Amino acid sequence: MVGVGGTRISYTDHSRIHESIRSGSAISMTYRSMSQPVAHRRTIRPHTLIKAGARWHVRAWCIAAGQFRDFNLGRMTEVEAVALQDLPGKDEDVQWATKASIRLIAHPQLTAAQREMVCEECMQGTSGLRFEVEVPLVQYVIQAYRAGLDPQRHPAPDYLLMVDQPESLPDGAIWH
């Protein structure tokens, strides 16, 4: 499996992640992130694979963070099964169990003609696109559609779409 920029996760590592999800067991891996770009070990209990744009992620309980997080598969190496019991699982992931309704609209700074064009191009001629997704997936929808949250920080025409009423989204839906 190839991630962004050609980063590969080995078939063996990918297989171990799948087996961990199927069996409800934990894995240890070497991981890099934007906040910790130096490779380090993490132990997680994954429950779901997520396709977000060009990248794949796994939703998992992270022992180090003490909470559920998403991990980019293209940043994982050296995945190993570990014998840990009693780690929180999917049924305890409150954010994953909570649905969020997100609506995307044409950017209000566009002219009426531009908004009409964007509605035809991006929203099948409707006035908005509505998604019902698990809370952790909200940010991926926003990224996939390159939608803005604040017209002042995300001006038109750089952003053609905006999230309608982002303040109404549940806690944790938008990363800052």
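Helices (H or I, at least four residues) and strands (E, at least two) are taken as DSSP runs and numbered from the N terminus. The model is predicted: local features need pLDDT of at least 70, side-chain atom pairs count only at pLDDT 80 or more, and totals for chains, interfaces and linings use all residues. Residues are numbered from 1 along each chain as its sequence is written, and side-chain values use heavy atoms, with hydrogens and water left out.

The chain contains four helices and nine strands, arranged from the N terminus as α-β-β-β-β-β-α-β-α-β-α-β-β. The C-alpha trace spans about 60 × 35 × 25 Å along its principal axes. Of the 176 residues in the chain, 43% are buried, where buried denotes under 20% relative accessible area, exposed over 50%, and partly exposed the range in between (1.4 Å probe, protein chains only). With contact defined as heavy atoms within 4.5 Å, 56% of the contacts between residues at least 6 apart in sequence join residues at least 24 apart. The chain exposes about 9900 Å², of which carbon and sulfur atoms supply 51%; accessible areas come from the Shrake-Rupley method with a 1.4 Å probe, and for residues only the protein chains shown count as cover.

There are 19 positive and 19 negative side chains, and the centres of the two sets lie 5 Å apart. In this count Lys and Arg are positive and Asp and Glu negative, while His and the chain ends are not counted; each charge is placed at NZ of Lys, CZ of Arg, CG of Asp or CD of Glu.

Three aromatic pairs were found in a search of the whole structure. Rings of Phe, Tyr and Trp (its six-membered ring) pair if their centres lie within 6.5 Å; planes under 30 degrees apart count as stacked, over 60 as edge-to-face and the rest as tilted. Tyr-31 and Phe-71 form an edge-to-face pair, at 5.1 Å centre to centre and 75° between the planes. Tyr-31 belongs to strand 1 (residues 26-31) and Phe-71 to strand 4 (residues 67-72), so the pair ties together parts 40 residues apart in sequence. Tyr-31 is buried at a relative accessible area of 5%, and Phe-71 is buried at 2%. The pair of Phe-131 and Tyr-145 is tilted, because the ring centres are 5.4 Å apart and the planes lie at 50°. This pair links distant parts of the chain, with Phe-131 in strand 7 (residues 129-134) and Tyr-145, 14 residues away, in the loop between helix 4 (138-144) and strand 8 (147-148). Tyr-145 is partly exposed, with a relative accessible area of 36%.

Arg-146 lies over the face of Tyr-159, 4.4 Å from the ring centre; a charge sits over a ring if NZ of Lys or CZ of Arg is within 6 Å of the ring centre and within 35 degrees of the ring normal.

The loop between strand 2 (40-52) and strand 3 (55-62) holds Gly-53 and Ala-54. Gly-53 is exposed at 54% relative accessible area, and Ala-54 is exposed at 55%. The C-alpha atoms of Gly-53 and Leu-137, 84 residues apart along the chain, are separated by 11 Å. Ala-54 and His-40 are 14 residues apart in sequence and 24 Å apart, C-alpha to C-alpha.

Backbone geometry was also examined. Ala-156 and Pro-157 are joined by a cis peptide bond with omega about 0°, and Pro-157 lies in the loop between strand 8 and strand 9 (161-163). Gln-124, a residue other than glycine, has a positive phi near 50°.
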